[in-house]
2 protein chains.
Amino acid sequence: MKLKVKDMDIATGGTLIAILHQSDAQKLDLHHEDRIKIRFRNKSASAVMDIAETKKAVKPGCIGLFEEVLDKLNVKHDNTFEIYLGEEPRSVGYIRKKLDGGRLSKEEIEQIIKDILNNNLSAIEITYFISAVYTKGFDIEETINLTKEMVEHGETLKLDKRVVVDKHSSGGVPGNRTTMIIVPIIAAAGLTIPKTSSRAISSPAGTADTMEVLAPVSLPVSKMKRVVNKTNACIVWGGAMNLAAADDKMIKIRHPLSLDPRGMLLASIMAKKQAVNSTHVLVDLPVGKSTKFKTITEAKSLKKDFIRVGRRLGMKVDVILTDGKQPIGNGIGPALEARDVLYVLRNDPRAPQDLKEKSLMMAAKMMQMTGHKNCKERARTILESGKAYEKMKEIIKEQGGNPKINPDSIKVGEFTYMVKAEKAGKIISVDNKIIAKVARVAGAPRDRGAGLYLHKHIGDCVEKGTPLMTIYSESEQKLKYAKEVLKMFDGIEIN
Amino acid sequence: MKLKVKDMDIATGGTLIAILHQSDAQKLDLHHEDRIKIRFRNKSASAVMDIAETKKAVKPGCIGLFEEVLDKLNVKHDNTFEIYLGEEPRSVGYIRKKLDGGRLSKEEIEQIIKDILNNNLSAIEITYFISAVYTKGFDIEETINLTKEMVEHGETLKLDKRVVVDKHSSGGVPGNRTTMIIVPIIAAAGLTIPKTSSRAISSPAGTADTMEVLAPVSLPVSKMKRVVNKTNACIVWGGAMNLAAADDKMIKIRHPLSLDPRGMLLASIMAKKQAVNSTHVLVDLPVGKSTKFKTITEAKSLKKDFIRVGRRLGMKVDVILTDGKQPIGNGIGPALEARDVLYVLRNDPRAPQDLKEKSLMMAAKMMQMTGHKNCKERARTILESGKAYEKMKEIIKEQGGNPKINPDSIKVGEFTYMVKAEKAGKIISVDNKIIAKVARVAGAPRDRGAGLYLHKHIGDCVEKGTPLMTIYSESEQKLKYAKEVLKMFDGIEIN
């Protein structure tokens with residue numbers, strides 16, 4: 001059937017989509033989501049069909065094409081061409097198999113990831129894949145194959161090192177910036193730690209956002225390698241490694257229901273470790289009602305899987321369950337967190353002790369995993385002697401930042417609002433989700449200086465009028481919105 | 001945030017969609033699929049957010065709206081208004097609950113169906129719902145609640161009858177037009193049978209398509225009631241009862257993976273029976289590799305559920321498992337099937353015996369279910385005496401068709417092609433799926449005269465050159481396509 005192109009002026013950022021009027025679709029016996037093959041001159045593309053029910057979108061005899069298809073075929077508005085029946089990608093059958101409780105082979109997982117990366121699967125099909133993994137699970141073998149497949153399609157960092165140390169903290173706890181303290185301690189101890197971190201998705205800051213206050217974090221792999229060879233370490237944004245392509249598409253579809261199928265969660269984390277050739281990995285799973293793990297039992301079961309998957313991938317993995325019931329540190333938001341980190345590294349009296357002690361505990365564990373002795377003492381000495389701070393300055397310098405940066409010169413939001421206790425008593429809860437929401441609405445992570453500063457934590461006693469937190473924002477409007485959120489929800493509970 | 005409307009010139013036919021540029025989405029901390037609330041003058045709407053990554057689709061400061069939203073708010077291109085953060089519909093939480101294996105209450109199912117009907121759920125969310133029901137199942141209680149909810153949102157036919165007979169045949173067997181023979185037999189026996197049927201989705205003809213060759217089938221409920229009151233029966237398209245709205249949306253999303261979650265399948269069928277107040281229902285489940293039920297075990301397990309759900313809804317349900325390994329009757333496609341039906345009713349020697357005998361068997365079972373005696377003999381007498389044919393003429397007349405229609409005057413496709421045996425032997429298989437595909441490509445069901453006529457069935461012996469089937473088409477081009485399909489696949493196997 002010969003059809004005339006209508007440029008729909010829309011990009012999906014993913015799946016290739018073509019729209020036919022329903023009368024044409026009926027003539028060709030095509031249904032919603034069927035595949036059609038389009039050839040134009042020497043180019044061809046396979047697209048997912050959508051059906052227009054009114055003539056307004058696409059008239060009979062026309063084919064509406066989204067930007068991706070126009071680009072791929074190099075066709076223009078009003079060009080005409082033939083369309084052919086396309087075949088369903090093989091991975092659709094594999095997704096059905098998983099929905100029916102089957103086990104996916106290495107080749108089947110490979111095909112699904114390739115089809116996702118090549119935009120051959122529609123959002124509905126990817127949703128079925130995520131549901132299938134969520135409800136039927138991935139066994140260790142499948143998880144390993146998914147991990148390897150993700151590594152396969154990304155860049156990798158090859159270092160000439162026998163031991164490469166790494167860490168991961170799962171999300172949900174604002175302010176949990178241990179990485180920026182652990183990395184310099186570990187590197188100063190003589191170990192190699194090429195750390196890739198993420199940016200915030202739904203939190204006020206990811207480690208990459210906070211580190212970016214001090215130095216560039218979007219380094220290409222070659223530059224990253226130079227930094228690590230010089231300093232034993234780096235703290236960069238993992239997105240530059242392109243590991244995320246398939247992962248990102250799946251995360252977008254997991255978002256509406258906030259689903260975290262275990263096999264995907266494990267693969268997504270382990271692939272990042274595998275990509276930098278890590279040999280020793282410490283995983284921190286904060287447990288608490290607003291983190292990913294509501295109960296110790298849940299976290300323990302994931303712990304086992306982490307260790308098993310790690311072993312199969314040739315990594316020594318240790319997992320700690322930590323207290324995730326309230327934020328760690330005082331500052332929330334990129335600039336405020338970066339300031340806290342520098343306070344800890346400079347042994348400033350304003351350093352939040354919870355952040356310092358958690359980082360020391362984790363650094364010691366990581367050193368111990370590689371066979372070091374007296375790790376607790378060594379880690380503390382490295383930090384308190386200023387060696388970790390010196391190392392951090394080296395890292396900042398090599399990544400292209402200013403090593404002389406002073407924590408008190410870091411710019412924080414000029415519009416502030418102090419929240420005070422409305423009654424005397426003991427603080428019994430600080431809600432991670434509300435704190436994160438307030439910081440985000442105030443502008444974090446996009447506005448680096450936005451966020452909030454916690455003056456008090458759980459267990460602290462307060463008088464009526466004692467400052468509980470200060471909100472920082474770069475705009476008066478956003479500060480107003482943040483205050484409104486606090487009016488609706490009680491972030492800090494006193495009893 | 002104040003935004004300017006861009007008319008996207010697209011209708012989704014479903015979910016309300018609004019597109020923001022990613023910079024605006026970030027400012028408001030909005031993600032793909034989040035909800036926003038839009039108010040314009042005195043109207044408001046809640047829409048699902050999509051994010052444009054390029055400026056081509058939607059520029060910063062603009063909001064791209066699909067037709068449904070423009071209509072609902074009565075806004076035009078270049079209007080400006082404020083948007084607000086919307087809330088996730090409550091049903092999203094219920095869908096998550098089902099994915100986690102929970103049981104849905106009556107109220108939760110009600111909310112999901114309402115949100116689907118009101119276009120409050122996105123395709124991704126409905127996909128999660130279908131996956132959840134597919135992988136975690138619906139128990140009898142949930143199935144009954146889904147059934148009742150569907151009936152609730154459709155029209156119903158209220159007859160003043162103690163006994164209302166009905167039947168259902170599940171799909172996958174071309175030519176299986178028993179309804180058009182059973183209904184006049186049952187009605188001639190004095191029982192009431194207000195039959196609603198479907199149109200083809202992926203088959204060459206649904207009963208509604210075939211009946212439409214003889215009489216109009218899109219009757220409003222009031223007209224349907226008049227026909228039944230006059231003749232004891234009708235054979236109409238169920239779509240007119242609007243039961244299908246929620247069902248149709250779900251079917252669209254089930255299509256890409258051809259999923260048939262049992263709870264949805266049952267509810268969809270039983271709702272149609274409940275809507276006409278049926279008291280006695282016979283369900284025909286053809287078993288065979290290209291039908292919905294590959295094995296007897298599968299069909300038997302569904303049989304139990306049918307009977308249980310029926311009992312709870314106050315219906316007496318009986319289920320028969322029939323042979324679904326090849327087409328029933330000779331004609332495939334609306335006109336060719338209608339001709340077969342009239343041959344049977346007129347006791348024409350050209351009547352396909354398999355279609356006649358299956359219809360008699362089912363009609364007898366249905367009469368027996370209501371307590372009648374000697375049903376086999378009575379059914380046969382009604383048919384062979386011509387009483388069933390007289391009844392059919394009454395029904396045709398009351399629905400607005402021509403009761404004097406002669407089977408040999410029914411127009412079939414003028415372009416034909418006869419397929420002959422390439423060798424001598426016995427026919428060992430007639431593939432339902434290939435036969436259906438050939439008939440559809442030839443033009444059925446849209447071209448009523450298109451389809452094919454089977455001269456032979458499984459078990460028949462043939463010489464080289466014996467006619468196996470004749471393809472009928474209303475266009476030379478389509479006939480050519482149909483021949484090409486047959487070149488690729490062997491529809492009839494001889495050994």
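Reader: Where does Pro445(B) lie in chain B?

Author: Pro445(B) sits in the loop of chain B that runs between α17 and β15 (451–454). Such labels follow DSSP: helices are runs of H or I with at least four residues, strands are runs of E with at least two, and both are numbered from the N terminus. Residues are numbered from 1 along each chain as its sequence is written, while chains are lettered from A and ligands numbered from 1 in the order in which they are written. This is a predicted model, in which local features need pLDDT of at least 70 and side-chain atom pairs count only at pLDDT 80 or more, whereas totals for chains, interfaces and linings use all residues.

Reader: Is the peptide bond from Ala444(B) to Pro445(B) cis or trans?

Author: As a general idea, most peptide bonds are trans, and most residues other than glycine have a negative phi. The bond from Ala444(B) to Pro445(B) is cis, with omega near 0°. In chain A, a cis peptide bond joins Ala444(A) and Pro445(A), with omega about 0°. Pro445(A) is placed in the loop between α17 (432–441) and β15 (451–454) of chain A.

Reader: Is the phi of Asn119(A) positive or negative?

Author: Asn119(A) has a positive phi, near 60°, although the residue is not glycine. Asn119(A) belongs to the loop between α4 (106–117) and α5 (123–136) of chain A. In chain B, Asp78(B) also has a positive phi, near 80°, and is likewise a residue other than glycine. The loop that holds Asp78(B) lies between α2 (67–73) and β6 (80–85) of chain B.

Reader: Is Asp78(B) buried or exposed?

Author: The idea is to count neighbours: with C-beta atoms placed from the backbone, a residue is buried if 20 or more other C-beta atoms lie within 10 Å of its own, exposed if 12 or fewer, and partly exposed in between. Asp78(B) has 10 other C-beta atoms within 10 Å and is therefore exposed. Asn119(A) has 21 C-beta neighbours inside 10 Å, so Asn119(A) counts as buried.

Reader: How many residues of helix α7 of chain B are buried?

Author: In α7 (residues 179–188) of chain B, 10 of the 10 residues are buried, and the helix is mostly covered. Among the buried residues are Thr179(B), Met180(B), Pro184(B) and Ile186(B). After α7(B) comes Gly190(B), which has a positive phi near 95°.

Reader: Which residues have the most contacts inside the largest nonpolar core?

Author: A nonpolar core is a set of buried Ala, Val, Leu, Ile, Met, Phe, Trp, Tyr and Cys residues joined through C-beta atoms within 7 Å. The largest one has 266 residues, and Ile186(A) and Ile186(B) have the most contacts inside it. Apart from that core lies another, of 60 residues, which includes Ile10(A), Ala25(A), Val5(B) and Leu20(B).

Reader: How is strand β4 of chain A paired with β3(A)?

Author: Two strands count as paired if DSSP finds at least two bridges between them. Strand β3 (residues 35–40) of chain A runs antiparallel to β4(A) and is joined to it by 6 bridges; Ile36(A) stands opposite Ala47(A) in β4(A). The two strands form a hairpin with 2 residues between them, and Arg41(A) in the turn has a positive phi of about 50°. Strand β2 (residues 17–21) of chain A pairs with β4(A) in the parallel sense over 5 bridges, and His21(A) has Ala52(A) as its bridge partner in β4(A). Because 8 of the 10 residues of β4(A) (residues 43–52) are buried, that strand is largely enclosed by the rest of the structure.

Reader: How many residues of chain B are in contact with chain A?

Author: Residues are in contact if their C-beta atoms, placed from the backbone, lie within 7 Å. By that rule, 39 residues of chain B are in contact with 39 residues of chain A. On the side of chain B that touches chain A, α5(B) gives the most, with 10 residues.

Reader: What rotation superposes chain B on chain A?

Author: Copies are superposed by least squares on the C-alpha atoms of residues with pLDDT of at least 70 in both. Here a rotation of 180°, with 0.0 Å of shift along its axis, superposes chain B on chain A (RMSD 0.0 Å). The two copies are therefore related as by a two-fold rotation axis. The same surface serves both copies, since 100% of the contact residues of chain B recur in chain A.

Conventions
Two residues are in contact if their C-beta atoms, placed from the backbone, lie within 7 Å.
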